[in-house]
Amino acid sequence: MHKVDYFKIINKYISPYSAAYNIYVVHVSLVTAKAIKIARHLGLNADQKRFIEEAGMLHDIGIVHVKASEIFCNGEMPYIYHIIEGRKILEAEGLPLHARIAENHIGVGGMTREEIIRDKIPLPHRDMLCETIEEKIISYADLFYSKNPRRIFVEKNIKQVRAKVKGYGKRQEKLFKEWYDLFEE
Ligand SMILES: [Fe+2]
């Protein structure tokens, strides 16, 4: 399996001297550590764990193009667009499988076309859903961490995550419960 030098890619898009880099690297490292812990628990193979490490570290790279002053991102696009931009960046880097995760890690296992339309989310009208176990693990792990500088280091407890997921809708609530049973038991 070809190994991706993910720090080379991160450093190409986000300056290591910037405040955004501090947020980015802390957040993706914590998400990746949790995802790898789950992968180990599930007995995934070395290639799968390596892929989770790379894709976990790159999953939010699209934040570089959004406007979100609280995480020091000074791009033009609304925050939600980090998933589309992340996908584009990673596809341009020749990483179509990592790019899928940039897009489908959002919410719980991504979003359906119907949810995007129903909730009037400013995104293209198509399904963006996790399919592989690696994608599902990263989407799950991401739910436990905020990029808010005041809370960035603290893993949310299960009560907090459940409350957040409940707000997303019934599909998300049901899927999260399935994942919790699968990943944590
Ligand atoms: Fe994230």
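This is a predicted model: local features need pLDDT of at least 70, side-chain atom pairs count only at pLDDT 80 or more; totals for chains, interfaces and linings use all residues.

**The nonpolar core**
- The largest nonpolar core has 43 residues.
- Ala35, Ile137 and Ile138 are the residues with the most contacts inside this core.
- Helices H2 (19–42), H3, H4, H5, H7 (133–142) and H9 each give two or more residues to the core.
- H2 supplies the largest share, with 8 residues.
- If you zoom in on Ile138, you will find that it touches Val31, Ala35, Ile52, Ala55, Gly56, His59, Ile101 and His105, leaving aside residues up to four places away in sequence.

- Helix H4 covers residues 82–92, and its buried residues are His82, Ile83, Glu85, Gly86, Arg87, Ile89 and Leu90.
- Just after H4 comes Gly94, which takes a positive phi of about 80°.

**Where H8 meets H9**
- Helix H8 (residues 158–168) packs with helix H9 (residues 170–184) at an angle of about 145°, and their axes are 6 Å apart.
- The crossing of H8 past H9 is right-handed.
- On the H8 side, Val165, Lys166 and Tyr168 take part, and they meet Gln172, Glu173 and Phe176 in H9.
- Sorted by class, this contact of H8 with H9 has 3 nonpolar, 1 polar and 2 charged residues.

Methods:
Residues are numbered from 1 along each chain as its sequence is written. A residue is buried if 20 or more other C-beta atoms lie within 10 Å of its own, exposed if 12 or fewer, and partly exposed in between; C-beta atoms are placed from the backbone. Helices (H or I, at least four residues) and strands (E, at least two) are DSSP runs, numbered from the N terminus. Axes are lines fitted to C-alpha atoms, for helices over the stretch in contact, and angles run from 0 to 180 degrees between N-to-C directions. A crossing is left-handed if the near helix is turned anticlockwise from the far one by less than a right angle, and right-handed if clockwise. Two residues are in contact if their C-beta atoms, placed from the backbone, lie within 7 Å. Ala, Val, Leu, Ile, Met, Phe, Trp, Tyr, Cys and Pro count as nonpolar, Asp, Glu, Lys and Arg as charged, and the others, Gly among them, as polar. A nonpolar core is a set of buried Ala, Val, Leu, Ile, Met, Phe, Trp, Tyr and Cys residues joined through C-beta atoms within 7 Å.
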